[in-house]
Each structure stands twice: as C-alpha cells, then as structure tokens.
Amino acid sequence: MDSTVTAQSMPSIPGQVERSASVTVVLRSAAGYHGPALLLRPWRSQDIPCLIDIYRDPVMRQSSRNPIVTEQDACRWLEAQQQGWTDGGRLSFAVMESQSEGEPGRVLGNVMLKGYDAGNDSAAVGYWTAAAARNRGVASQAVKMLTTWAFESFGAQGLQRVELLHQTDNPASCRVAQKSGYALIRVLPADPPAFPAAGHLHTRYAPG
C-alpha cells in the first residue's frame with residue numbers, strides 16, 4: 001500500500017491536544033489492487049447530513065448501540081469524536097473515497113485508534129463502513145493506514161501493539177483483521193451483555 005501522512009498541528013501524544021488548537025491529521029493512500037484511493041481525516045460538522053444518510057442503512061442501525069437518526073444524534077456523536085481528540089482517548093477518522101484529482105469524495109466509513117495513553121504499550125482499533133464501502137477492501141485498507149500512522153506517531157513513546165477485537169459470529173471482521181495484517185492471538189469467552197458471543201483477539205505488533 002502506498003500511503004503518506006500529512007499533518008498540521010498534530011498532537012505529540014494523546015491527551016495533550018488543546019481544544020483551541022487546530023488539529024488536522026490527514027492520511028492518504030493510493031488506489032491499489034485491494035481497494036480504492038482513500039483519504040482519512042477527523043470528522044467535522046459538515047458531515048452531519050452524510051452521517052444521517054449512512055444510518056438509513058438497516059445493517060448500520062442494527063449493528064449500532066446508538067444509531068444516528070436525527071441531527072441531534074449526529075451532533076452528539078460528532079461531539080464525542082471531537083472530545084476524543086481533545087483528551088486523546090479516541091482518535092477517530094472519517095474514511096473518504098479520494099477522487100482522481102486527489103480531492104475527497106463521499107464518506108465511506110469510520111476508523112479509530114482508542115485506549116492509548118503515552119507510555120503504554122497497547123491500543124485498539126475500531127471501524128465501521130457504510131453500505132457503499134462494503135466488499136471493496138475499504139475497511140482493511142483504512143485499518144492498515146491507521147495502524148501504520150499509529151506506530152509511526154506513537155511507537156517512540158512506547159506503543160508496541162494494536163489490537164482488533166470482534167465476535168466470532170462476524171466472519172467479515174475476521175477477514176478485515178487478516179487482510180490488515182492482524183494475527184489471531186486467542187479466542188475470548190463471551191462476556192454479556194456487551195459481548196454476548198465469544199470473541200477473536202487479533203494483534204499487530206510494531207515493525208522491527
């Protein structure tokens with residue numbers, strides 16, 4: 001995968017981003033055999049109509065604990081993502097389809113790095129994709145982009161591994177993990193109500 005990172009006022013470590021600062025982290029990848037060209041950027045208020053439209057998909061509504069139905073739902077969700085950048089606990093990106101001229105197109109999903117504090121050796125990755133992105137390699141490509149950026153940005157501060165967790169009844173997520181370079185480490189027992197089924201723990205380690 002050919003990917004580059006463009007960052008202006010990028011946080012040095014999670015938890016040190018001031019709300020007043022203009023934080024822009026943009027990740028780009030070229031189109032390849034396994035997926036389209038993508039652009040990852042933080043979510044913004046202009047994405048509200050797109051979020052509402054994405055959640056009209058029955059699959060999105062069924063798989064979400066808090067589906068986005070109204071503009072108020074979208075505003076609350078966006079505020080949570082912005083707070084995540086402020087406190088460093090959840091670095092969430094809109095996954096955009098990049099057009100041939102390099103400009104972003106429609107929103108295809110969300111990918112996030114969560115649970116990392118400076119000095120710790122682990123973090124977790126999460127994602128979801130809109131209906132228009134499914135079966136196109138978008139999720140695995142976005143996860144690879146985010147993972148590469150995470151190790152490049154926070155490896156010197158101690159990040160050694162990133163984990164991806166999914167339930168065993170979700171084979172699509174298992175394929176995403178494998179295509180993103182995450183090895184299956186172990187099977188976790190069910191832990192209802194949050195995890196009613198057993199889970200797979202996939203892990204990718206820092207290069208070198």
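Guide: First, the ground rules. This is a predicted model: local features need pLDDT of at least 70, side-chain atom pairs count only at pLDDT 80 or more, and totals for chains, interfaces and linings use all residues. Residues are numbered from 1 along each chain as its sequence is written, and side-chain values use heavy atoms, with hydrogens and water left out.

Visitor: What is a salt bridge, and how many does a search of the whole structure find?

Guide: A salt bridge is a side-chain nitrogen of Lys or Arg within 4 Å of a carboxyl oxygen of Asp or Glu. The search finds eight.

Visitor: Which residue does Arg41 meet in a salt bridge?

Guide: Asp47, at 2.8 Å from N to O.

Visitor: Is Arg41 buried or exposed?

Guide: Buried means under 20% relative accessible area, exposed over 50%, and partly exposed in between (1.4 Å probe, protein chains only). Arg41 has 6% relative accessibility, so it counts as buried. Asp47 is buried too, at 5%.

Visitor: Which residues are linked in a network of salt bridges?

Guide: Glu97, Arg106 and Arg136. Within it, Arg106 pairs with Glu97, and their closest N and O atoms are 3.2 Å apart. Glu97 is buried at 15%, whereas Arg106 is partly exposed at 46%.

Visitor: What about Arg161 and Glu163?

Guide: Their side chains form a salt bridge, 3.2 Å from N to O. Arg161 is partly exposed at 23%. Glu163 is partly exposed at 22%.
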